[in-house]
Amino acid sequence: MIFTSSPAVLLSTITLFAQLALGLPTTSELVHHDSVRAIGELSHRDESHDAGVVWNKVARQSALVGPTDPRDSFNNQNPDVPGVGYPRSTDADPAFTIPEAKLRSAIFLPSGFNSSTNRQVVLFVPGTGAYGHESFADNLLKVITNAGAADAVWVNVPNAMLDDVQSNAEYIAYAISYVKALIGDDRDLNVIGWSQGNLATQWVLTYWPSTAPKVRQLISVSPDFHGTMLAYGLCAGNFGKVAKAGAPCPPSVLQQLYSSNLINTLRAAGGGDAQVPTTSFWSRLTDEVVQPQAGLTASARMGDARNKGVTNVEVQTVCGLSAGGGQYGHSTLMAHPLVAAMTLDALKNGGPASLSRIRSQMFRACSSVVASGLQLTDRAKTEGLLGTAGARMAAFPTKLLREPALRQYAA
């Protein structure tokens, strides 16, 4: 069952499920214009073969998938910075397969960003179907900016994180190295992710070992570190290795199936345990996208076998029967007052966040319905992210019956 708290989100979700489950076309044609960018030619395979391709075409950026705000651009002009490390930072890292110019141009440095200040930096990483600015502008970006807690930058992955997670991860891995080289060793770099942004970041920290020492901490909102059972409903019938059983889906959605090859491989590689100090927030039963999200079975729960420091926060458990213990969905959790308070605590003190350190703020954090400094309109805009993401998933022109093959470094 999908839980929704908005008629708009509900309508978008139902429409998307109907299109995919019934095999209806989700976009009439590939859109071609000067700003269209190829994301790679998908080689034809028979449908019974792993990663069978629905269309033997060049997947191109549909106008309906692209950003609507220049701050979500992935065509940014960023300067050369020495010490980034391309095609790899160390021999232990896999080599990038995406040209460096594309990786660099996906990083957005706001006009107010000053690499010479002493303030720490937050790199925001969006979720499936979304870009960086639109994901965080009405929630945690505003909270952090209002508090003067850090300078913020973000990554806008082409195709809104709908492409292969392993490709999305390259943009994140490069962004970590680029921004750290830009700000230098005297300033800390933190990563804040939403949804798949956390899964892809954990993939990076696991398979690009040079990145972990550059990251002070990972703050995760609504992550699906262990995938989601709800993706099986979205990609109806995609179970195990039954090649013809499912509906076509964007690559990254298939990879977020609870038992996908990518998720199982990440687990086997130790990706279920923190590589850096990590704070993970989730909403127990009202997450419309990621399930299971409750207790010890929560997909968002991060282990700490490496003793890096982990704080797992199920907001309903902490806030109980107060307002903050109510219904918060996959996106609205980013506007939760407890999430905001603990994020600021983690940035101030270093990760992970601590409930004991914010004890004096607990009553206010749990008795409010929106984070301090945010308005109800900010929460509504944050909730609207799901409708936008769903529309982009439906419009994404190239869908697969099977998830993409694992890259050689992970296979």
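In what order do the seven strands of the open sheet stand? In this predicted model, the order is β3-β5-β4-β6-β7-β8-β9, and the pairing within the sheet is mixed. The points below take up the sheet, a pair of packed helices and the salt bridges in turn.

**The sheet and a helix on it**

- The strands β3 (107-108) and β9 (310-314) form the edges of the sheet, and because each has a single partner strand, one side of each is left without a neighbour in the sheet.
- Strand β7, which covers residues 217-221, runs parallel to strand β8, which covers residues 278-282, and the two are joined by four bridges.
- Within this pairing, I219 has T279 of β8 as its bridge partner.
- Helix α11, made of residues 337-349, packs on the sheet and touches β4 (121-125), β6 (189-194), β7, β8 and β9, while its direction makes an angle of about 175° with that of β7.

**Two packed helices**

- Helix α5 (residues 165-183) packs against helix α6 (residues 196-207) at an angle of about 70°, and their axes lie 8 Å apart.
- Since angles of 65 to 115 degrees count as roughly perpendicular, α5 is described as roughly perpendicular to α6.
- On the side of α5, the contact is made by V165, Q166, N168, A169, I172, A173 and I176, and on the side of α6 by Q196, G197, A200, T201, W203 and V204.

**Salt bridges**

- The count of salt bridges in the model comes to twelve.
- One of them joins D69 to R71, with the closest N and O atoms 2.8 Å apart, and R71, at 40% relative accessibility, counts as partly exposed.
- Another salt bridge is formed by D188 and R216, whose closest N and O atoms are 3.6 Å apart; this pair links distant parts of the chain, as D188 lies in the loop between α5 and β6 and R216 in the loop between α6 and β7, 28 residues apart.
- D188 has a relative accessibility of 35% and therefore counts as partly exposed.
- E314 forms a salt bridge with R284, the closest N and O atoms being 3.5 Å apart, and this pair also links distant parts of the chain, with E314 in strand β9 and R284 in the loop between β8 and β9, 30 residues apart.
- Of these two partners, E314 counts as buried at 8% relative accessibility, whereas R284 counts as partly exposed at 31%.

Key: Residues numbered from 1 in each chain as written. Predicted model: local features only at pLDDT ≥ 70, side-chain atom pairs only at ≥ 80, totals over all residues. Heavy atoms only, no water. Pairing = 2+ DSSP bridges. Contact = heavy atoms within 4.5 Å. Axes fitted to C-alpha atoms, helices over the stretch in contact; angles between N-to-C directions. Parallel < 35°, antiparallel > 145°, perpendicular 65-115°, else oblique. Salt bridge = Lys/Arg side-chain N within 4 Å of Asp/Glu carboxyl O. Buried < 20%, exposed > 50% of the residue type's maximum accessible area, 1.4 Å probe, protein only.
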